Amino acid sequence: MEIFLPDKYYKNIYEINYRQLKQDGIKCLLFDLDNTLVPPHINKPNKKIRDLFDNLKELDFKVIIMSNSGKKRLTPFKDELIVDCSASSMKPLKKKFLKVLKEYKFDVSETAIIGDQLLTDIFGGNRAGITTILVNPISKKDIMCTKLNRRIEKFIEKKFLKRELFKRGKYYD
Ligand SMILES: [Mg+2]
């Protein structure tokens, strides 16, 4: 069950303590797209995200958008934010995580995934052995397959709550 438990939990991507991550040796940030950066129906980044990504680059992080969506969905983000992307990443499989680490030459201890889903981002990240950071989903709208995931997620969260491991809205780092 702990394989679904995030290492850190923040309200959103803007609340994350990136300086702390830097101090802890994290050099590469993998961002989920849908409901982490933007709602699923939004096709390009806003200024707030552009500013955040500029800051992260200034802090010398390697930033990569890693999404289960296809290339076409990622292209406007890749172009506007000037970041690398890993499309069709098949989270929670760890295969693509390990491929990205190998390609960019980062160790698992130097990499973190930031995402809104326990069943894909956190589960996959934990399997790969990297730092996992959960944020709340931006919108209540989900694509079809995510809807099922959310129901399973609720079930897992109930189990966590019983064991006092995790509670929605109770952020930790
Ligand atoms: Mg997502």
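Modeller: A term to begin with: two strands pair if DSSP finds at least two bridges between them. Strands (E, at least two residues) and helices (H or I, at least four) are DSSP runs, numbered from the N terminus. This is a predicted model, where local features need pLDDT of at least 70 and side-chain atom pairs count only at pLDDT 80 or more, while totals for chains, interfaces and linings use all residues. Residues are numbered from 1 along each chain as its sequence is written.

Biologist: Fine. What is the order of the strands in the sheet?

Modeller: The order is S1-S6-S5-S2-S3-S4, in an open sheet of 6 strands with parallel pairing.

Biologist: Which strands stand at the edges?

Modeller: Strand S1 (8-10) and strand S4 (84-86). Each has a single partner strand, so one side of each is left without a neighbour in the sheet.

Biologist: And S2, how many bridges join it to S3?

Modeller: S2 and S3 run parallel and are joined by 4 bridges. S2 is also joined to S5 by 4 bridges, again running parallel. Cys 28 shows both sides: it stands opposite Thr 111 in S5 and opposite Lys 62 in S3.

Biologist: Which residue is the bridge partner of Phe 31 in S3?

Modeller: Ile 65 is. Further along the sheet, S3 and S4 run parallel with 3 bridges between them, and Ile 64 has Asp 84 in S4 as its bridge partner.

Biologist: What do S2, H2 and S3 make together?

Modeller: A right-handed β-α-β unit.

Biologist: Staying on H2, how far apart are its end C-alpha atoms?

Modeller: They are 16 Å apart. The expected span is 1.5 Å times one less than the number of residues, so the 12 residues of H2 should span 16 Å, which agrees. After H2 comes Asp 60, with a positive phi near 75°.

Biologist: Change of topic. How many residues of H6 are buried?

Modeller: The count is 1 among its 19 residues, so H6 is hardly covered. Helix H6 (residues 144-162) reaches 29 Å from its first C-alpha to its last, close to the 27 Å expected. Just after H6, Glu 164 has a positive phi of about 55°.

Biologist: What about the core, how many residues has the largest one?

Modeller: The largest nonpolar core has 34 residues. The term means a set of buried Ala, Val, Leu, Ile, Met, Phe, Trp, Tyr and Cys residues joined through C-beta atoms within 7 Å. Those with the most contacts inside this core are Leu 30, Phe 31, Ile 65, Ala 112, Ile 114 and Ile 133. Elements giving two or more residues include strand S2 (28-31), strand S3 (62-66) and helix H5 (118-128). The largest share, 4 residues, comes from H5.

Biologist: What is Ala 112 in contact with?

Modeller: Leaving aside its neighbours within four places in sequence, Ala 112 is in contact with Leu 21, Ile 26, Leu 29, Leu 30, Ile 130, Thr 131 and Ile 133. Contact means C-beta atoms, placed from the backbone, within 7 Å.

Biologist: Last one. Where does Val 108 lie?

Modeller: In the loop between H4 and S5. Val 108 is partly exposed, because 14 other C-beta atoms lie within 10 Å. Its C-alpha atom is separated by 4.8 Å from that of Ile 130, 22 residues apart along the chain. Beyond four places in sequence, Val 108 is in contact with Leu 101, Ala 128, Gly 129 and Ile 130.

Methods:
A residue is buried if 20 or more other C-beta atoms lie within 10 Å of its own, exposed if 12 or fewer, and partly exposed in between; C-beta atoms are placed from the backbone. Two residues are in contact if their C-beta atoms, placed from the backbone, lie within 7 Å. A crossover is right-handed if, with the strands pointing away from the viewer, the path from the first strand over the helix to the second runs clockwise.
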